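Morning, everyone. One structure today, and I'll keep it brisk. Please have a look at the sequence and the model first.

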Amino acid sequence: MAKQELARFLRARRESLPPADVGLPADRRRRTPGLRREEVAELAHMSVDYYVRLEQARGPRPSPRILDALTGALRLTRAERRHLFQLAGTGPTPPPGPVRSVRPQVAALLERMPDTAAIVTDAAYDVLAWNPLAQAVLGYDQQLNLARRRFADTGGFGYVESSSAEEFGHIAVSRLRRAAERYPRDEALQLLLTELRAGSEEFVHIWNTDPVHEPGHRTKVVQHPEVGALRLNCDVLLVPDDDQQVVFITADAGTPSARALRHLSASVR
């Protein structure tokens with residue numbers, strides 16, 4: 001256990017965390033930036049004395065439960081969490097589940113791209129956010145799960161090229177398998193997998209092949225009820241700290257699909 005390095009890391013993260021980020025009011029009487037030690041202790045549900053001893057490099061090796069509590073209290077990223085466990089000389093426990101909230105900066109990015117359909121999905125393929133053009137193109141009117149939509153046929157526009165649907169099926173299963181390995185304690189993910197196994201022989205077959213896919217470029221064709229067939233490009237931007245993906249949906253310039261996207265974009269402005 002690297003006590004001195006752990007103490008410095010905790011102190012640096014505490015001093016850099018604005019009180020407003022954890023729901024605390026700003027206090028002009030604060031002599032130093034960031035949180036007070038007693039505030040971190042309260043957020044982590046531990047004694048002030050114990051936390052102070054950690055920051056002074058006098059404490060015992062913290063347990064994984066304590067480290068997880070500090071991760072939440074100090075709003076650590078995934079990389080910072082791994083580093084925290086490393087400093088404590090303890091193997092990290094699996095995260096409790098996928099991040100199901102979208103960073104404000106990522107949400108704002110969607111709104112700044114009115115001519116590009118864009119969505120944000122978490123590790124379990126829940127659609128967490130979308131912009132107006134994505135709603136117009138793909139029929140999103142509520143939060144949904146793309147794997148469930150693909151394998152359980154829960155509505156929305158269908159693929160007109162079976163090859164596109166087959167490819168996405170393997171991509172979805174690959175991502176869900178990796179999510180199941182990373183988040184074995186997440187009840188919502190386990191319920192989704194149980195549902196898909198019970199309702200789709202195709203899902204079970206693909207799962208048993210253990211497919212491996214990396215995020216990248218993909219082309220799909222959807223049948224839109226207003227503008228007809230759309231040939232769309234899907235490109236992925238990773239948000240690694242949150243294990244999320246931003247999918248940008250466009251059409252090749254000068255094509256009928258590009259003109260149809262411009263029509264749909266104008267209709268939702």
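Let me start with a question: does His 45 count as buried or exposed? His 45 counts as exposed, because its relative accessibility is 71% and the cut-off for exposed is over 50%. Keep in mind that this is a predicted model.

Where does His 45 sit? In the loop that links helix 2, residues 37–43, to helix 3, residues 48–55. Look at its backbone too. Phi of His 45 is near 55 degrees, which is a positive value in a residue that is not glycine.

Now Arg 75. Its phi is also near 55 degrees, again positive and again not in a glycine. Arg 75 lies in the loop between helix 4, residues 64–73, and helix 5. The accessibility here is 43%, so Arg 75 counts as partly exposed.

Back up to the whole chain for a moment. There are 269 residues, and 45% of them count as buried. The chain has twelve helices and five strands. Its C-alpha atoms fill a box of roughly 65 × 45 × 25 Å along the principal axes. On contacts, take those with a separation of 6 or more: 53% of them are between residues 24 or more positions apart.

Next, a helix pair. Two packed helices are described by the angle between their axes and the distance between those axes. Helix 1 covers residues 3–16, and helix 5 covers residues 78–88. They pack at about 150 degrees, with the axes 9 Å apart. That angle makes helix 1 roughly antiparallel to helix 5, because the cut-off is over 145 degrees. The crossing of the two is left-handed.

Which residues meet there? From helix 1, we have Glu 5, Leu 6, Phe 9, Leu 10 and Arg 13. From helix 5, we have Glu 80, His 83, Leu 84 and Leu 87. By type, the residues of this contact are five nonpolar, one polar and three charged.

Last stop, Asp 243. This one is in the loop between strand 4, residues 228–239, and strand 5, residues 244–250. Is Asp 243 buried or exposed? Buried, because its relative accessible area is 17% and the cut-off is under 20%.

What does Asp 243 touch, leaving aside residues up to four places away in sequence? Arg 78, Asp 122, Ala 123, Arg 175, Arg 182 and Tyr 183. With Arg 182 there is a polar contact between the side chains, at 2.9 Å.

That's my tour. Over to you.

Terms used:
Residues are numbered from 1 along each chain as its sequence is written. This is a predicted model: local features need pLDDT of at least 70, side-chain atom pairs count only at pLDDT 80 or more; totals for chains, interfaces and linings use all residues. Side-chain values use heavy atoms; hydrogens and water are left out. Axes are lines fitted to C-alpha atoms, for helices over the stretch in contact, and angles run from 0 to 180 degrees between N-to-C directions. Helices (H or I, at least four residues) and strands (E, at least two) are DSSP runs, numbered from the N terminus. Angles under 35 degrees count as roughly parallel, over 145 as roughly antiparallel, 65 to 115 as roughly perpendicular and the rest as oblique. A crossing is left-handed if the near helix is turned anticlockwise from the far one by less than a right angle, and right-handed if clockwise. Contact means heavy atoms within 4.5 Å. Ala, Val, Leu, Ile, Met, Phe, Trp, Tyr, Cys and Pro count as nonpolar, Asp, Glu, Lys and Arg as charged, and the others, Gly among them, as polar. Buried means under 20% relative accessible area, exposed over 50%, partly exposed in between (1.4 Å probe, protein chains only). A polar contact is a pair of N or O atoms within 3.5 Å; within protein, one must be able to donate a hydrogen and the other to accept it, and residues adjacent in sequence count only if both atoms are side-chain atoms.
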